[in-house]
Amino acid sequence: MYQFKVITHPTSDTRQPSLLLITDNKRYLFGSIPEGSQRALNQQKLKVSKLSTIFLTGDLNWERVGGLAGLILTISDQGSKYLNIVNGSGILDYAISSWRNFVFRFGMNITTKIQKTGESLKEEAINVKTINLKGSSNTGTFDEQSQQKLKRLVQNMFPTSAPKQQQDDVNSSRKYVHIKLPDVTKNKISTCYEIQFDPTRGKFQVEKAKQLNITNKRFYGLLASGKEVELEDGRIVKPADVLSESRIFQKVLVIDIPSNEFLQSAYETNWGDNVGLIFHFLADEVEPFSESYMKFIESFGPDCRHHISHPRYCPDSIVFEGSALMTLKLKCLLINQFNIQSSSEAQSLLPENISENIKLCLKGQSFEIVSTTKGIPNQINITESGESGAFDWNSLLENEVVPLNLDLKHKRDQILDESSVSSKSIKAGLPLIDQVETITLGTGSALPSKYRNVSSSLVRIPYESEEGVGYRSVLLDAGENTLGTIKRTLGPENLEFYFKELKLVYLSHLHADHHLGIISILKEWYKFNHNNDQPLYLVTPWQYSHFVNEWFNVEGDKSILDRITYISCENFLVGKERNEVEQIDFEDFEIGTEMDFVSATKSPKRDINAILSLYRGVGIKKLATCRAIHCAWAYSCSITFKTSQHGDIEGPNTFKVSYSGDTRPNLYSFSNGIGKASDLLIHEATLENSKEEEAKLKRHCTINEAIDVSNNMKAKKLILTHFSQRYPKFPEISNNIVVQSDYCYAFDGMIVKYDQISEQVKVIEEMKKIFENEINDDDD
């Protein structure tokens, strides 16, 4: 008996489908690993410590594998020693090696397998055969030598020979990190799989053993385990002589069709016979109930079960239910600082006349496959998920909030009002500075958890110009699935508005929990801005631009690169600049030299034109960075925005926001340097006050250390964020020192105006009631 569990279906939270196959001793993932996959597994209380192989379906792009890098880091930290990653695309090693500036772990053997149609991978109790569908045009990717070089780069990202305690950071002085990957033409392949389970031996039949005069009971066990025996009289007895007929399993197919151009290949493929269950992963443009696709489904016979994952037919249901419930509870106390999360029913309903063997594939479903005898279909026990798009907020309020006996100031209909508390326009008569809006999209550290996503904050600053008054925004870091949080918090229907006002993405350092969501943000920004001439500014450590350029090679469409203006954080540094490492041409890279040390000899180029364009385009008076005390190439920043085109350096027409990134307390360069007298400080507060030694070891701050930075800075307002996932809902706030400014603790999805930051403190005791029964929750 084997079990499939549906981890994700296409939603705002998780954009692609995935399955977990559970056998006695191992776990296998099939499908995509979209951003949010780790949180989806946490939500369903599924562990990945036994994960053996990831079978990636479809083609390779960020929408499908955006959660893979983070998942690899997590399972490595959980002690896994090996992992296979399978796909049919020749650019699999290229895609993974593009992460080399920020993904590195000792003690885990990653094996990539690029499989052609018909090639199989034999695992414990299963055999998985690859079937690659071809698009309308196909080209080659790399010659054998280049492919071996790319595999070597992947191996250097995951060395197995060194002690595990040295696994924290990429060593940027190693040669392999700085090898420039070649341009690549993406091959149009969509990978699918045929899964065949090993038959199970029949049951031992005592009566047959007695008929053969087998009296030695020791022989019973040997025969039952599949071994033949020699009796005392010399006769040979085989297992088949005393066992019932073997139990078998029909094949399971995972068919992924990412666009209509793969349909003809799917129709022409020989999928074999004796197929009992098919998972269809279909793109939005592929119509599953067209005449041609229905004929394709019918070709597998009336006994085959079909489960379809499709963006239009699956509901946009909330995946992270625990996080949504926490948002509701917080909204009950701070009604103007949280939105009811957006969700919706499916855009299209299943046709009424379809066969009973055609159903949707929805998260939470479980498929238990029971063995059978030859000629009889497998029994498949399906546990339905009960998924629907409409989240029953009223019932949640009644069952989860009312029993808490909170001192609520608002009526039920006001709390459940789905109108957004985020402003789309500037209110006349109110000071512009009071209308600065901060949306904390991710407030956890290290890895996504059930209740807190990883780091990201969107700051929206009003700006008065000759065209009128409106917002422009800056995104401070963007951990994995930042886009999913934006969709849930602000609503899919509002995305165009917010992405058209996004002008700047700032990345503080190269740790994965701070930027694995940036590629999705770039793609979404381009979707709404490709028809205008506005650039998007990326201020990042210099290495990050290499990754972005290489990844859009993987995507197969590099047109967005013409619209991105990169500026290195080093260009704004107050302090001594460091040299960069010159990239090494791929052709000059020889296998065996990739771990050589290289020197930083390239002087950072200060692109004055790009900086001036940034200042003019975003309405910035000054941007400054300083070294963060965390890892190599980590920065804290201060940005002085104009609120009027006539803004002075610091005065009534400017707004200064400072962001710590990850750092130890930095009183000299940050609080008494570039950040002095900030209007708003957003500072990491990873650990509770009793964990100061751990904070020093991990180069983070305790809450008190963050408060001390704010006090020394004389910041007018303070938002504390980036809490350890050991505090899944509410940070430990005992023994705090006095905060000499208005302040609040950040929660995912919090939308707080500048003049509202002090309101949270007034309800802090009521907030403790919300979390007191779950404060020690260890589900992360």
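How many helices and how many strands are there in the protein? There are 23 helices and 32 strands, each a DSSP run numbered from the N terminus, with H or I over at least four residues for helices and E over at least two for strands.

**Figure 1. Overview of the predicted model.** This is a predicted model, in which local features need pLDDT of at least 70, side-chain atom pairs count only at pLDDT 80 or more, and totals for chains, interfaces and linings use all residues. Residues are numbered from 1 along each chain as its sequence is written, and side-chain values use heavy atoms, with hydrogens and water left out. The C-alpha atoms fill a box of roughly 100 × 65 × 55 Å along the principal axes. Of the 780 residues, 61% count as buried (buried is under 20% relative accessible area, exposed over 50%, partly exposed in between; 1.4 Å probe, protein chains only). Contacts are heavy atoms within 4.5 Å. Among contacts between residues at least 6 apart in sequence, 74% join residues at least 24 apart. The accessible surface comes to about 30,900 Å², and 46% of that belongs to carbon and sulfur atoms (Shrake-Rupley method, 1.4 Å probe; for residues, only the protein chains shown count as cover).

**Figure 2. The largest pocket.** About 1,500 Å³ of space lies in this pocket. On a 1 Å grid over the protein atoms alone, a pocket is an open set of points with protein on both sides within 12 Å along at least five of seven lines; a cavity is a set where a 1.4 Å probe fits but cannot get out; lining residues have an atom within 4 Å of a point. Points are joined across faces, edges and corners, and a volume is the space filled by probe spheres set on them. The pocket is lined by 50 residues, and Arg-15, Gln-16, Glu-63, Asp-284 and Lys-523 are the closest to its centre. Elements giving two or more residues to the lining are helix 2 (62–65), strand 13 (251–257), strand 14 (275–282), helix 16 (518–529) and helix 17 (544–555). Helix 16 gives the most, with five. By class, 19 lining residues are nonpolar, twelve polar and 19 charged (nonpolar: Ala, Val, Leu, Ile, Met, Phe, Trp, Tyr, Cys and Pro; charged: Asp, Glu, Lys and Arg; polar: the others, Gly among them).

**Figure 3. The largest cavity.** The whole structure holds nine cavities of 30 Å³ or more. The largest has about 170 Å³ of space. Ser-323, Gln-341, Thr-485, Arg-488 and Thr-489 are the closest to its centre among 16 lining residues. Helix 11 (321–333) and helix 14 (482–490) each give two or more residues to this lining. Helix 14 gives the most, with four. The lining has two nonpolar, ten polar and four charged residues.

**Figure 4. Asn-378 in its loop.** Asn-378 sits between strand 17 (366–370) and strand 18 (379–383). Its relative accessibility is 11%, so Asn-378 counts as buried. Beyond neighbours within four places in sequence, Asn-378 is in contact with Ile-248, Phe-249, Gln-250, Ile-369, Val-370, Ser-371 and Thr-372.

Figure 5. Most residues other than glycine have a negative phi. Phi of Lys-45 is near 55 degrees, a positive value. Lys-45 lies in the loop between helix 1 (37–43) and strand 4 (51–56), and is exposed at 60% relative accessible area. Phi of His-722 is near 60 degrees, also positive. His-722 is in the loop between strand 30 (717–721) and strand 31 (742–745). At 3% relative accessibility, His-722 is buried.
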